Amino acid sequence: MSQETGPEATPEGGTGRTVRPLDEVDRRILDELVRDGRTSVRTLAERIHISRTNAYARVERLLRDGVITGFRAQVAPEPAGLGTSAYIALTIQQNTWREVSAELAGVPYIEHAALLGGEHDVLALVRAPDNAALRDVVLGRIQGIPGVLSTRTWLVFEEFDGTRTPWA
């Protein structure tokens with residue numbers, strides 16, 4: 001029996017396959033692709049010292065298994081015209097998270113949102129052109145969503161990236 005189709009139980013909504021653990025070569029591939037997602041398979045293979053066929057097969061498996069979820073450009077907010085960033089914490093009515101999440105997905109300038117356990121229920125990262133647009137997002141759009149009881153806003157003064165690849 002292959003490692004991908006073992007009899008292990010999968011979480012509800014899973015694919016019915018088990019995903020094999022990452023080995024050192026997989027981790028090195030991920031590290032290289034996180035650093036530069038435009039790296040060619042040829043360059044990737046050279047940097048990791050494996051064949052192109054092996055590199056291609058491993059990247060395809062990492063994509064198929066959902067370890068790699070896509071490739072995208074990283075955009076610097078300020079030069080792109082989004083000079084005001086803030087984290088917005090939401091407290092919502094119990095059992096409204098599905099509806100609130102669906103509404104938040106359509107709010108402009110929300111880059112990321114997460115459901116939380118703790119004092120607040122949702123945390124959203126908003127990147128807006130200016131304070132007036134941020135105000136409209138928070139007071140007009142987010143607070144107007146049925147189920148949202150309150151919000152709390154933290155302005156971002158400066159940002160930096162931490163270690164992105166714990167497997168490196």
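This is a predicted model: local features need pLDDT of at least 70, side-chain atom pairs count only at pLDDT 80 or more; totals for chains, interfaces and linings use all residues.
Me: Which residue in S3 does Ala 86 stand opposite?

Reply: Val 126 is the one across from Ala 86. Residues are numbered from 1 along each chain as its sequence is written, and side-chain values use heavy atoms, leaving out hydrogens and water.

Me: What makes S1 and S3 a pair?

Reply: Two strands pair if DSSP finds at least two bridges between them. S1 and S3 are joined by seven bridges and run antiparallel, so they count as paired.

Me: How many bridges join S2 to S3?

Reply: Five bridges join strand S2 (residues 110–115) to S3, and these two also run antiparallel. In the hairpin of S2 and S3, six residues sit between the strands, and Gly 118 takes a positive phi near 145°.

Me: Why is Leu 90 called buried?

Reply: Buried means under 20% relative accessible area, exposed means over 50%, and partly exposed is in between (1.4 Å probe, protein chains only). Leu 90 comes in at 0%, so it is buried. You'll find Leu 90 in strand S1 (residues 84–92). Its contacts (heavy atoms within 4.5 Å), leaving aside neighbours within four places in sequence, include Val 100, Leu 104, Val 122 and Ser 150. Ser 150 is 60 residues away along the chain, yet the two C-alpha atoms are separated by 5.8 Å.

Me: Why is Glu 32 called buried?

Reply: Its relative accessible area is 13%, so Glu 32 counts as buried. Glu 32 lies in helix H1 (residues 24–35).

Me: Why is H2 called roughly perpendicular to H3?

Reply: Helix H2 (residues 41–48) and helix H3 (residues 52–64) pack at about 110°, with their axes 8 Å apart. Axes are lines fitted to C-alpha atoms, for helices over the stretch in contact, and angles run from 0 to 180 degrees between N-to-C directions. Under 35 degrees is roughly parallel, over 145 roughly antiparallel, 65 to 115 roughly perpendicular, and the rest oblique. So H2 is roughly perpendicular to H3. The residues making this contact include Leu 44 of H2 and Tyr 56 of H3.

Key:
Helices (H or I, at least four residues) and strands (E, at least two) are DSSP runs, numbered from the N terminus.
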